[in-house]
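Come along while I look a few things up.

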Amino acid sequence: MTHVYVSALIPAPVTKVWSIIRDFNALPHWHPAIAKSRIEGGLSSADVGCVRHFELQDGGVIREKLLGLSDTRHRCDYAILDSPMGVEDYTATLQLTRVTQGDTCFAEWWADFTCLPAREAELIETIGGGVFAGGFAALTSRV
């Protein structure tokens with residue numbers, strides 16, 4: 001099992017950052033790699049079990065299932081159902097924690113998955129450096 005972990009300090013109150021990322025269907029509004037997104041099956045983007053279907057800027061399509069959503073813990077858990085990345089058994093968590101000094105929050109994003117050993121280093125860089133760190137940079141610019 002491969003583990004990827006990225007963290008960042010975002011210079012905004014946790015409630016403000018959470019209001020941006022809480023919507024499971026809002027990736028195109030804050031993540032630069034995402035072109036468009038929709039929730040399948042008529043469910044709400046806050047319904048645990050809903051599936052988001054999104055297109056990347058490069059045309060790739062990913063489907064993810066919401067596994068958990070907590071407004072008290074500022075946490076979202078999800079799994080990839082379909083992806084062109086070549087990962088299996090992919091689960092991830094995006095979590096925010098209030099920093100008690102100043103209007104800042106601590107953001108963490110991690111994933112566990114399996115992949116071909118020959119692709120592990122590439123996928124760690126793509127997911128950690130591109131998806132997670134890129135998302136945190138975009139959130140920091142937005143707030």
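My entries on a few helices and single residues follow.

**Ground rules.** I am working with a predicted model, where local features need pLDDT of at least 70 and side-chain atom pairs count only at pLDDT 80 or more, while totals for chains, interfaces and linings use all residues. I number residues from 1 along each chain as its sequence is written, and my side-chain values use heavy atoms, with hydrogens and water left out.

**Helix 3.** I took helices (H or I, at least four residues) and strands (E, at least two) as DSSP runs, numbered from the N terminus. Does the length of helix 3 agree or disagree with what its residues should span? Its 23 residues (120–142) should span 33 Å at 1.5 Å a residue, and the end C-alpha atoms are 31 Å apart, which agrees. The expected span is 1.5 Å times one less than the number of residues.

I also found a bend of about 30 degrees at Ala 133; the bend is the angle between axes fitted to the seven residues ending there and the seven starting there.

Next I listed buried residues (under 20% relative accessible area; exposed is over 50%, partly exposed in between, with a 1.4 Å probe and protein chains only). In helix 3 they include Leu 123, Ile 127, Phe 132, Phe 136 and Leu 139. The buried residues of this helix pack against several elements, among them strand 1 (2–10), helix 1 (14–21) and strand 7 (104–114).

**Helix 1.** Here I noted Val 14, Val 17, Trp 18, Ile 20 and Ile 21 as buried. They cover an arc of only 155 degrees around the axis, so they sit on the same side of helix 1. The arc is taken from the directions from the helix axis to the C-beta atoms. Thr 15 and Ser 19 are exposed on the other side.

I then followed Ile 21, which counts as buried at 6% relative accessibility. Beyond four places in sequence, Ile 21 touches Trp 30, Leu 94, Leu 96 and Leu 139, where contact means heavy atoms within 4.5 Å.

**Thr 2.** This residue lies in strand 1 and counts as buried at 5% relative accessibility. Which side chain does Thr 2 join by a polar contact? That of Glu 120, at 2.5 Å. A polar contact is a pair of N or O atoms within 3.5 Å; within protein, one must be able to donate a hydrogen and the other to accept it, and residues adjacent in sequence count only if both atoms are side-chain atoms.

**His 53.** I placed His 53 in strand 3 (residues 51–56). Its side chain makes a polar contact of 3.3 Å with the side chain of Glu 40.
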